[in-house]
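Open the model in your viewer and keep the selection panel at hand. The stops below go one by one.

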Amino acid sequence: CKGDECMKAKVTTRGQVSIPSEIRKKFNIEPDSKVEWIIEGETIKVVPLPKDTIAAFKGRGEKNTLHSI
């Protein structure tokens, strides 16, 4: 771990993990927020998902790429 970027959490007997308050504040993670768990080799990433996933992706695609079948 490097500096303040490393925080630890304990896993409960039910497999639950509490997100440290500093991380919740920094990434605006509130009750009922959703996170995505991503496995990359031996590393696990936890990524907060936007509340409105459609709005978050709006405008990310290329224009005029929708084709009729």
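**Stop 1: confidence**

Colour by pLDDT, the predictor's confidence in each residue, from 0 to 100. Helices (H or I, at least four residues) and strands (E, at least two) are DSSP runs, numbered from the N terminus. The mean pLDDT of the protein is 82, and 70% of its residues reach 70 or more. Where pLDDT is low, the predicted coordinates should not be read in detail.

This is a predicted model: local features need pLDDT of at least 70, side-chain atom pairs count only at pLDDT 80 or more, and totals for chains, interfaces and linings use all residues. Residues are numbered from 1 along each chain as its sequence is written, and side-chain values use heavy atoms, with hydrogens and water left out.

**Stop 2: the layout**

Switch to cartoon. The protein has two helices and two strands. From the N terminus on, their order is α-β-β-α. Of the 69 residues, 1% count as buried. Buried means under 20% relative accessible area, exposed over 50%, and partly exposed in between (1.4 Å probe, protein chains only).

**Stop 3: the hairpin**

Select strand 1 and strand 2. They pair in the antiparallel sense over six bridges; pairing takes at least two DSSP bridges between two strands. Pick Glu-40: its bridge partner is Thr-43, in strand 2. The hairpin has two residues between the strands, and Gly-41 takes a positive phi near 65° there.

**Stop 4**

Which loop holds Asn-28? Asn-28 sits between helix 1 and strand 1. Its phi is near 55°, a positive value in a residue other than glycine. Now select Asp-32, in the loop between helix 1 and strand 1. Asp-32 is not a glycine either, yet has a positive phi of about 75°. Asp-32 counts as exposed because its relative accessibility is 78%.

**Stop 5: the largest pocket**

Show the pocket surface. The largest pocket has a volume of about 690 Å³. Of its 21 lining residues, the closest to the centre are Met-7, Ile-19, Pro-20, Ile-23 and Val-46. Helix 1 (21–26), strand 1 and strand 2 (43–48) are the elements that give two or more residues to the lining. Strand 2 gives the most, with four. By class, the lining has 14 nonpolar, one polar and six charged residues.

The terms, for reference. A pocket is an open set of points on a 1 Å grid over the protein atoms alone, where a 1.4 Å probe fits, with protein on both sides within 12 Å along at least five of seven lines; lining residues have an atom within 4 Å of a point. Grid points join across faces, edges and corners, and the volume is the space filled by probe spheres set on them. Ala, Val, Leu, Ile, Met, Phe, Trp, Tyr, Cys and Pro count as nonpolar, Asp, Glu, Lys and Arg as charged, and the others, Gly among them, as polar.

**Stop 6**

Select Ala-9, in the segment before helix 1. Ala-9 and Pro-20 are eleven residues apart in sequence and 7.3 Å apart in space, C-alpha to C-alpha. Leaving aside neighbours within four places in sequence, Ala-9 is in contact (heavy atoms within 4.5 Å) with Val-17 and Ser-18.

Finish on Arg-24, in helix 1. Arg-24 counts as partly exposed because its relative accessibility is 36%. Beyond neighbours within four places in sequence, Arg-24 is in contact with Ile-19 and Ile-29.
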